[in-house]
Amino acid sequence: MQIADVKLAVVGLGYVGLPLAVEFGKKRPVLGFDINVRRIAELQQGKDHTREVEPEELAQAGQLTFTHVTSELAKANVFIVTVPTPIDDFKQPDLTPLIRASETIGKVLKRGDIVIYESTVYPGATEEDCVPVLERVSGLTFNEDFYAGYSPERINPGDKEHRVSTIKKVTSGSTPQVAELVDTLYREIIVAGTHKASSIRVAEAAKVIENTQRDVNIALINELALIFNRMGIDTQAVLEAAGTKWNFLPFRPGLVGGHCIGVDPYYLTHKAQAIGYHPEIILAGRRLNDSMGGYVASQLIKAMTKKRI
């Protein structure tokens, strides 16, 4: 397949998929697919309740169309999957949205097609969990009849400065030729440039450690804040003083939540445990950050009690 032959579909139109589809829709024909009928109706009216894309920008994507009908996906030969990858009540990866999206694509998958995943996963998930579903549903053979790619999303929800096109993109493919095509495709819209990883597993690992590193760093500062609070020392004053050294990292204490930072580390620790390694620092950081909500609430109650509020 050549870049001129690409007929693109974006599967999953949340805060990750929609901005991506819009950027591509400014450059080439794109089919945006989502199983949520109300979401499709909303987008067809030029509205986005997530507010990631303003109506004016949505209108600029003149080559973007929307559908919730699975059979419409058969028109595409390159699929970009941007569905959530949450954790369950036991803090284990929940690949249900990813598996269902793969099943949907498998129903329309043809020889020569490429499926690119953007969802955050543990290293190996694309080829070990998603590809077998594509093979089972389609009856096709991986890297003979169809191919895969992985290019992790780096969307920062609500950030109007760091947009999908201005954040450098990591790309990868299941063969050198597919990797080059995937990279070329993303270069159409990513003005910040791309980084072609040596394999899908490398790209998966790179993504999952981005938020894991941030989570661990925040956990360290949170623990320092707990210590300094007991010592009667102003944590902010300490960080300002330490920050005068050029290589001191400017993290601040606080709560960790959202779709990514508090979730992604569990994908990595799950895989680590599956191969017989028990991660110490990552899980310790998660426990500490998860406990900060209760700590902040207790400190607030103490402060209110002292002031008789």
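Let me begin with what I mean by a patch: residues with over 30% relative accessible area and no salt bridge, where nonpolar side chains are joined within 5 Å. Keep that in mind, please, as we look at this structure together, and remember that it is a predicted model.

I227, M231 and I233 make up a nonpolar patch on the surface, and their accessible area together is about 270 Å². Where does M231 sit? You will find M231 in helix α7, which covers residues 200-231. M231 has 54% relative accessibility, so M231 counts as exposed.

Now let's move to the sheet. In what order do its strands lie? Six strands form an open sheet, and the order is β3-β2-β1-β4-β5-β6, with parallel pairing. At the edges stand β3 and β6, the latter at 147-150; each has a single partner strand, so one side of each is left without a neighbour in the sheet. On average, neighbouring strands of this sheet are turned by 20° against each other, direction ignored. As a quick reminder for anyone new to this, strands of a sheet pair through backbone hydrogen bonds, either parallel or antiparallel.

Let's walk through some of those pairs, starting with β1 and β2. Strand β1, residues 8-11, pairs with β2 over four bridges in the parallel sense. Within that pairing, V10 has G32 of β2 as its bridge partner. How does the chain get from β1 to β2? It goes through helix α1, residues 17-25, and this β-α-β crossover is right-handed.

Please stay with β2 for a moment, at residues 30-33. Which way do its residues point? V30 and G32 point one way, while L31 and F33 point the other way, and all are buried.

On to the next pair. β2 also pairs with strand β3, residues 64-67, in the parallel sense and over four bridges. Here V30 stands opposite L64 of β3, and the bridge partner of F33 in β3 is T67.

β1 and β4 pair in the parallel sense, over four bridges, and L8 stands opposite V78 in β4. What about the side chains of β4, buried or exposed? V78 and I80 point one way from β4, F79 and V81 point the other way, and all are buried.

From β4 we continue to β5. Four bridges join β4 to strand β5, residues 114-117, and the two run parallel. F79 stands opposite V115 in β5. The chain crosses from β4 to β5 through α4, and this β-α-β crossover is right-handed.

I would like to finish in the loops, with the backbone. Most residues other than glycine have a negative phi. Which values do we get for R51 and K91? Phi of R51 is near 65°, a positive value in a residue other than glycine. You can find R51 in the loop between α2, at 37-44, and α3, at 55-60. R51 is also exposed, with a relative accessible area of 63%.

K91 has a positive phi too, near 60°, and is likewise a residue other than glycine. Look for K91 in the loop between β4, at 78-81, and α4, at 96-106. With 38% relative accessibility, K91 counts as partly exposed.

Definitions and conventions: Residues numbered from 1 in each chain as written. Predicted model: local features only at pLDDT ≥ 70, side-chain atom pairs only at ≥ 80, totals over all residues. Heavy atoms only, no water. Patch = residues over 30% accessible without salt bridge, like charges linked within 9 Å, V, L, I, M, F, W, Y side chains within 5 Å. Areas by Shrake-Rupley, 256 points an atom, 1.4 Å probe, with all protein chains shown as cover. Salt bridge = Lys/Arg side-chain N within 4 Å of Asp/Glu carboxyl O. Buried < 20%, exposed > 50% of the residue type's maximum accessible area, 1.4 Å probe, protein only. Pairing = 2+ DSSP bridges. Right-handed = clockwise from strand over helix to strand, strands pointing away. Axes fitted to C-alpha atoms, helices over the stretch in contact; angles between N-to-C directions.
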